[in-house]
Amino acid sequence: MKPMQMFVLLTLFQTTIAASCVAGTFGLLLDATEGVVIERSSMQVEAEFGTEVMIGDVLLVPDGSSALVVTYEDCEELNFVASGAVEIESDSSITTEKPDSWSIRKLPVCYQPESFGGQSQHLIAGTLMRGESGDSQTRQTMEALRQLAAVDGANNAELVSLIIYDLQNGNQQQARGLYEQLKEKNGAAELPPAVVNALNKQP
């Protein structure tokens, strides 16, 4: 291969990587009160349950508002309260106008979009989530969340975590019940299509 051809190929490869990073995904918005807006390039995206947050987005959380995002990369629940402008810099980095206005918590289970990509919509155990369902600490944590959900005390991130956990363990009926609870709590709440397909799949 001639040097110029190699240079062109490398340039195209680098450009593809850069474009992929810019267009990369960060996580799911699972709760947002009135006033929260997502700025994406020169557009504003409606901040509603199930909206995918992208790298490069700016999440605007004004005074009196809050937003809850769960990241794909590390299964982290990010809770923003009157945080102002929250800039999503990478899959593991954000900046906020008010550093003390948000909290972070690790979830044992979360939705991972790459786990569904290329699948035939039937879910293979072990591919849905980070973490191992057989881990005793994970089981204990999920059981505690299930007890919260039973008294309507679980937040949206916890409910989605339980839904993914149940699907991964073949408990489709339990997952469907939790999804109905999630929709009752949030109106017409929609999870990503691959998850909905898994919930609706006939045994």
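This is a predicted model: local features need pLDDT of at least 70, side-chain atom pairs count only at pLDDT 80 or more; totals for chains, interfaces and linings use all residues.
Residues are numbered from 1 along each chain as its sequence is written, and side-chain values use heavy atoms, with hydrogens and water left out.

Let me begin with the helices. Two packed helices are described by the angle between their axes and the distance between the axes. Here helix H5, residues 172-186, packs against helix H6, residues 193-200, at an angle of about 125 degrees, and their axes are 9 Å apart. The names come from DSSP runs numbered from the N terminus, helices being H or I with at least four residues and strands being E with at least two. Axes are lines fitted to C-alpha atoms, for helices over the stretch in contact, and angles run from 0 to 180 degrees between N-to-C directions. H5 and H6 are therefore oblique to each other, a word for the angles that remain once those under 35 degrees are called roughly parallel, those over 145 roughly antiparallel and those from 65 to 115 roughly perpendicular.

Which residues of H5 and H6 meet? On the H5 side they are Gln 172, Ala 175, Arg 176 and Tyr 179, and on the H6 side Val 196, Ala 198, Leu 199 and Asn 200, where contact means heavy atoms within 4.5 Å.

Now to the disulfide. The whole structure contains 1 disulfide, defined as a pair of cysteine sulfur atoms within 2.5 Å. Cys 75 is joined to Cys 110, with an S to S distance of 2.1 Å, and the torsion about the S-S bond is about -65 degrees, so the disulfide is left-handed. Because Cys 75 lies in the loop between strand E6 (66-71) and strand E7 (76-81), and Cys 110 in the loop between strand E10 (102-106) and helix H2 (113-116), the pair ties together parts that are 35 residues apart in sequence. Both Cys 75 and Cys 110 are buried, and by relative accessible area buried means under 20%, exposed over 50% and partly exposed in between, with a 1.4 Å probe and protein chains only.

Finally, the backbone. Most residues other than glycine have a negative phi. Ala 82, however, has a positive phi near 50 degrees; Ala 82 sits in the loop between E7 and strand E8 (84-90) and is buried, with a relative accessible area of 18%. Asp 152 also has a positive phi, of about 60 degrees, and its place is the loop between helix H3 (136-150) and helix H4 (156-168), where Asp 152 is exposed at 53% relative accessible area.
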